[in-house]
Amino acid sequence: FDIDRTRTSQLVPSLAPIALAPMAPPDTSFTPLDVLSSPAPSPAAPLRWGISGAGRVCHDFTHALKLCPAAASLVAVGCRDPARSRAFADRFGIPHAVESYFAVCDVPEVEIVYVAMLQPSHYAVARRALERGKHVLVEKPMTITAEQAASLAALAKEKGLFMMEGMWTRFFPAVEKARQIIASGDLGAIKHVAADFGFNAMDEVDAGDPAKHPLFSRELGGGGAYYVAPYVFSACTLAFGARMPETLHAVGELHSSEGSDLGAAVALSFGGGGSAVVSYNMTCETAEETTIVGTKGRLRILNPAHCPEKMTVTRKVGGRGEVVTETLEFPLPEEPEWLKKAGGFHYPNSIGFTYEVEGVWRCIRRGWTECPQYTIDEAVLNMRMIEEVRKQIGAKELDSKYLSLDQ
């Protein structure tokens with residue numbers, strides 16, 4: 001890994017659990033990748049979930065779990081504040097409210113732990129869950145360092161447990177279709193990826209202390225590399241597979257007082273003429289699209305690319321400029337009335353968490369230890385790229401207590 005360190009067809013899904021019957025052939029269906037990869041399992045019991053965290057993402061993910069009763073049941077929730085745990089449990093009808101993130105891992109009935117608190121705690125809680133024999137779905141970023149990510153991957157493999165970083169994007173039907181198109185060779189040899197994801201979070205901080213805001217506080221694991229970059233780097237591995245770039249050049253902007261990164265632009269080369277240009281930031285709204293270009297055509301996953309409903313596919317049919325473009329739409333399920341009355345989701349298209357919930361269920365009930373949509377190797381690789389970008393742009397490190405493997 002030669003690093004230059006210069007800073008310089010239509011688908012209408014439903015809320016019903018995905019059928020486990022044999023599916024249509026891959027060239028005529030939008031079948032999820034894990035179903036294509038293996039014969040369907042016999043009907044299986046729902047996974048019993050423990051929720052480690054009680055923030056907004058946990059709120060949305062827990063609603064998604066409740067929308068998939070054949071795939072998921074809620075057993076326990078825990079966070080730093082026992083009163084908050086109790087309130088969360090009462091709101092969602094969860095039987096056990098425990099006193100900490102770690103205590104969720106000790107509830108005997110829990111089969112899988114959803115790890116979704118502030119980033120500095122991801123590694124320690126995920127490790128505790130694996131040590132207790134629980135499967136793990138850990139929100140992005142998987143950890144704070146690549147070394148920690150590799151350590152969790154090794155521990156999960158040693159224990160034969162399921163482990164995945166929560167790259168929910170890969171389970172959206174539009175992205176499933178994009179991967180099928182790439183794998184089919186329809187676009188030819190993949191030569192270039194362009195991906196961006198930016199939103200303006202500055203207004204949230206202007207009126208307060210950035211050292212206390214999770215998005216920007218260095219000690220709370222703030223910064224665009226942790227919050228946003230996993231999405232754009234996963235676009236690279238979607239196109240080029242789980243391999244490190246040969247070169248990576250990054251330029252970026254840091255928060256003036258915290259030293260956390262506000263954003264960066266990154267150029268990468270993957271050998272064989274493959275390249276990528278990706279950007280992420282938390283200071284302005286960007287188009288948020290992903291374009292993957294091959295020798296015979298290109299596809300564009302439209303805004304919002306991290307949770308999309310639409311894409312275009314452009315195919316070369318003659319000489320220069322002679323192309324045909326097709327638009328594919330993948331509407332998300334409608335929110336049921338009870339969910340709307342309960343206040344709905346915090347974030348856009350969070351009902352798409354249901355795709356991830358059901359994908360994880362299918363894979364674990366097959367006895368698999370990862371999902372083909374987003375492998376553990378990809379998660380570790382993306383963490384290595386994120387770590388390198390932070391080094392190149394000079395982002396300040398967290399306290400060493402969060403960087404250790406002994407937590």
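Colleague: Which elements each supply at least two residues of the lining of the largest pocket?
Modeller: Those are H2, strand E7 (190–198) and helix H8 (224–227). Helices (H or I, at least four residues) and strands (E, at least two) are DSSP runs, numbered from the N terminus. This is a predicted model, where local features need pLDDT of at least 70, side-chain atom pairs count only at pLDDT 80 or more, and totals for chains, interfaces and linings use all residues. Residues are numbered from 1 along each chain as its sequence is written, and side-chain values use heavy atoms, with hydrogens and water left out.

Colleague: Which element gives the most to that lining?
Modeller: H2, with 3 residues.

Colleague: What counts as a pocket, or a cavity?
Modeller: Both come from a 1 Å grid over the protein atoms alone. A cavity is a set of points where a 1.4 Å probe fits but cannot get out. A pocket is an open set with protein on both sides within 12 Å along at least five of seven lines. Lining residues have an atom within 4 Å of a point.

Colleague: What volume does the largest pocket have?
Modeller: About 1,300 Å³. A volume is the space filled by probe spheres set on the grid points, which are joined across faces, edges and corners.

Colleague: How many residues line the largest pocket, and which lie nearest its centre?
Modeller: It has 41 lining residues. Nearest the centre are Arg-56, Val-57, Leu-215, Tyr-227 and Tyr-347.

Colleague: Back to H2. How many of its residues are buried?
Modeller: 8 of 11, across residues 56–66. Buried means under 20% relative accessible area (1.4 Å probe, protein chains only). Among them are His-59, Asp-60 and His-63.

Colleague: And the largest cavity, what is its volume?
Modeller: About 150 Å³. The elements that give two or more residues to its lining are E7 and helix H9 (229–240). H9 gives the most, with 5 residues.

Colleague: How many residues line that cavity?
Modeller: 16, and those nearest its centre include Thr-169 and Tyr-231.

Colleague: New topic. How many disulfides does the structure hold?
Modeller: 0. The cut-off for a disulfide is a pair of cysteine sulfur atoms within 2.5 Å. For Cys-68, the nearest cysteine sulfur is that of Cys-371, 13 Å away. For Cys-307, the nearest is that of Cys-68, 17 Å away.

Colleague: Is Cys-68 buried or exposed?
Modeller: Buried, with a relative accessible area of 1%. Cys-307 is buried too, at 0%.

Methods
Buried < 20%, exposed > 50% of the residue type's maximum accessible area, 1.4 Å probe, protein only.
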